[in-house]
Amino acid sequence: MATQNRSFNPSGPLYLTAADWRNPHHRRSAAASLVQGVYSQEHDRQQNRQGHQALAPPWGDFFNFRLFRVLVDNDDRSIFGAIYEFKSPSPSGHHNPLHIPPRYVVAFRGTMTGWETMSQDLTLDLKVIRNTLEQSARFQNAMQAVQYTVSIAGAANMCLAGHSLGSAMALLAGKNMAKMGCFLETYLFNPPFISVPIEVMTKTEILKSGRRIMRNVTTAGVTIALNALRQRPQTGDWFAALSGWIPYLFVNPSDPISAEYVGYFERRLWIAAIGAGAIERLSTRNSISGAIEQLHLLPSAYLTINGSPVQGLGQAHGLDQWWNPNIQCRSKLHQLIGEGCPEHIV
């Protein structure tokens with residue numbers, strides 16, 4: 001998994017002798033490598049590795065990114081994120097991207113199991129489950145870093161990336177910026193989906209669809225009842241505001257932490273096809289409370305599913321699967337484009 005002490009040689013995508021940022025596989029591999037670099041930054045800090053002994057620098061250097069700034073948690077002093085800056089390569093350089101990458105990448109690591117970080121990381125995992133991550137000091141630090149990077153580079157010249165807990169932070173930061181009309185290119189590896197993992201627990205497609213429909217109908221019914229009691233109109237302004245922001249989601253169907261994103265988007269297509277789109281839209285926009293915006297709810301996304309065989313949670317949730325040269329992926333664009341035509345697929 002990504003939390004291991006990884007040396008770029010031999011663990012990294014050494015086969016990418018020239019990174020072509022027009023190639024989705026290259027972009028995915030580069031973004032995942034930069035996130036791995038954040039894990040390695042924290043490992044280097046814990047083990048006091050500096051200079052040529054440090055394992056983190058090659059994860060960015062290989063793609064011509066240098067470390068611009070580290071992001072430190074104020075509570076446990078761990079490195080949870082990094083801002084990378086692209087170094088324009090010389091014409092004779094080994095890695096000449098065929099398409100210019102973003103000028104800056106803000107990357108966030110996920111949960112680490114070492115004693116130095118585990119307590120704070122697990123506390124934040126719990127906040128993700130409770131939809132209170134935005135209230136944490138770490139996220140506020142992350143949000144300030146994102147806003148600062150936008151201010152110096154512009155939204156079109158930067159992107160976000162994260163894995164696991166880090167992808168939840170990147171997702172929340174991206175959503176907040178999108179609500180302000182600032183759409184950031186975003187790469188989310190194994191993002192947590194806080195729900196019963198129907199995709200993993202249920203084997204047949206009929207049962208999966210049936211369970212999801214019942215959940216949608218129940219959610220929609222409770223929402224209507226609560227709205228009536230509160231005598232307030234049903235609103236989905238935040239959902240509509242996000243529809244033009246299309247983050248890249250990378251999930252493994254064997255990963256119980258992120259797998260339900262597969263069902264989340266497939267359910268929307270299936271329900272729209274049977275003419276129950278109104279129920280789906282109402283259910284998606286509202287939590288049972290009718291007030292809390294669920295972190296995992298997204299109107300649009302480029303969804304990439306890794307169909308390669310895996311052994312156990314370690315591989316299914318691991319970051320290294322996303323730069324594997326033999327990965328078996330399928331990708332699809334899901335975009336909410338309007339009430340009358342709720343889903344656009346490419």
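Where does S136 lie? In this predicted model, S136 lies in the loop between helix 4 (118-129) and helix 5 (137-153).

**Close-up 1. S136 in its loop.** Although a loop residue, S136 is buried, with a relative accessible area of 4%; anything under 20% counts as buried here. Leaving aside residues up to four places away in sequence, S136 touches L124 and K127. L124 is itself one of the buried residues of helix 4.

**Close-up 2. Helix 4 and its buried face.** Helix 4 has 12 residues and reaches 16 Å from its first C-alpha to its last, close to the 16 Å expected at 1.5 Å a residue. Look for Q120, D121, L124 and V128, which are buried. Down the axis of helix 4, the buried residues fall within an arc of 100 degrees, so they line one face of the helix. An α-helix has 3.6 residues a turn, so residues three or four places apart point the same way. The buried residues of helix 4 pack against helix 5 and helix 6 (165-179). After helix 4 comes N131, with a positive phi near 60 degrees.

**Close-up 3. Strand 5 and its neighbours.** In strand 5 (residues 185-189), 4 of the 5 residues are buried, so the strand is largely enclosed by the rest of the structure. Strand 5 pairs with strand 4 (residues 158-163) in the parallel sense, over 5 bridges; here A161 has Y187 of strand 5 as its bridge partner. Strand 5 also runs parallel to strand 6 (residues 248-251), joined by 3 bridges, and L188 has L249 of strand 6 as its bridge partner.

**Close-up 4. A β-α-β unit.** Strand 4, helix 6 and strand 5 together make a right-handed β-α-β unit. Helix 6 is also one of the helices that the buried residues of helix 4 pack against.

Definitions and conventions: Residues numbered from 1 in each chain as written. Predicted model: local features only at pLDDT ≥ 70, side-chain atom pairs only at ≥ 80, totals over all residues. Heavy atoms only, no water. Helix = DSSP H or I, 4+ residues; strand = E, 2+ residues; numbered from the N terminus. Buried < 20%, exposed > 50% of the residue type's maximum accessible area, 1.4 Å probe, protein only. Contact = heavy atoms within 4.5 Å. Expected span 1.5 Å × (residues − 1). Arc of directions from axis to C-beta. Pairing = 2+ DSSP bridges. Right-handed = clockwise from strand over helix to strand, strands pointing away.
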